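Trainee: Can we go through some charged side chains together? I would like to see who pairs with whom.

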Amino acid sequence: MAGQQPQEKLNAAQRSKIRRLSAPKEPAEGEEAGELNVVPFLDIITNVMMFVLATVVTTFTATIDTMPPKAGGSGARAPTTPTLGLTVIIVPDGFSVKARGGNVATGCNETGPGLAVGKVNGPDGMEYDYKSLNACAKKLKNLSSDFKDETSVTVSANPNIPYQVVISTMDALRRDDQDEVLFPDVNFGLAR
Amino acid sequence: MATYKRELRKEIKRRAQEPEINFLNITAMLDMMTIILVFLLKSMSQSSANIPQSSDLTMPKSTLTTEASQEGVAVLVSKTNIVVDDSAVVPVPADPTHGIEGKYKRSGPNDLYIVPLANALQSWRERDRQIRAATGKDPSFSEAIIIADAGTPYRLLVEVLFTLGQAEFSRFHLMVLQGAKK
């Protein structure tokens, strides 16, 4: 037929060569899509992580917000509203607590002379009794429903009382054991 | 010859294999890890970790668990110095139960006003006043972060707070360490 090429027959050698040449090639060294060798990189990262974790002391901090120290009372008050006016003075022997203008006596039940909360025996000798101070603050707050909205306390201390004791006192006055708010707003009194 | 070439092309095409992915590409994941690591290092260095904890300054512990405020000038009260903005302004005496030495006070040892501290705070206060006014905050006061040693006596603490109050700083953030036992 016109225009039709005569079918050329392939011999055995040609067929063998076609099979050989058409076989998928194994990628040559350096030609294959090589995996990135990340082992040294991971070694470095691990070392850095270990170094950071070992050296950086992870300290979680918080801040207690306060106002400048005031001389005298805790500000102007409406004379008609009865207020507790809680003041805690930290002395070397314990806590002196003043409320409603009077000194709270030992045991935190009535007004009278003495320290409201004394020191107790602890593992390191005589220690401040923060639990009793917390209970005392709770008792005073619950004396009257007029005091339930009162959240401010004046904290004062002897000149030599360490800052840690002041902070722990503020912690003891902040919330009770049921996590109810007691006196979170602290004003520092001036110890002259 | 033409047939041979045609057959070869056909056969190559027929036997060609799709390249398969036979390994996990973790490069993208490592990129992410590196970014996270850098971010962690940066944020850790910016937060509380940069507060030096040494025998000279050990912050008190508190049961408080709220986040620390980062606003205000940092005033460090260590066992040896009072530091404002990384520069020591006044030395703390060996026995600080009576506060700073009288020669640094406005009118003798019984005064609470520490003159070098107030002077150091003045420039900061001026700058902060302008920033607060520009950012719509109340410019009538500034804030301060007090980082004091746990053993700082109350007298010295009050002197620092009083001086800050006199320099128109009326909101203090007392920095403490979390984790004290209740």
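**Charged pairs in chain B**

Trainee: Is B:Lys103 buried or exposed?
Mentor: Its relative accessibility is 65%. Buried means under 20% relative accessible area, exposed over 50%, and partly exposed in between (1.4 Å probe, protein chains only). So B:Lys103 counts as exposed.

Trainee: What kind of model is this?
Mentor: Residues count from 1 along each chain as written, chains are lettered from A and ligands numbered from 1 in written order, and side-chain values use heavy atoms, without hydrogens and water. Local features need pLDDT of at least 70, side-chain atom pairs count only at pLDDT 80 or more, and totals for chains, interfaces and linings use all residues, since this is a predicted model.

Trainee: Which side chain meets B:Lys103 in a salt bridge?
Mentor: A salt bridge puts a side-chain nitrogen of Lys or Arg within 4 Å of a carboxyl oxygen of Asp or Glu. Here the N to O distance is 4.0 Å.

Trainee: How many residues apart are B:Glu168 and B:Arg125?
Mentor: Their side chains form a salt bridge at 3.0 Å, N to O. B:Glu168 sits in the loop between helix H4 (154-166) and strand S6 (169-178), and B:Arg125 in helix H3 (residues 115-134). Helices (H or I, at least four residues) and strands (E, at least two) are DSSP runs, numbered from the N terminus. The separation is 43 residues.

Trainee: Is B:Arg125 buried or exposed?
Mentor: Its relative accessibility is 2%. That counts as buried.

Trainee: How many salt bridges are there over all chains?
Mentor: One network links B:Glu71, B:Arg132, B:Lys137 and B:Glu143. A search of the whole structure gives a total of 18.
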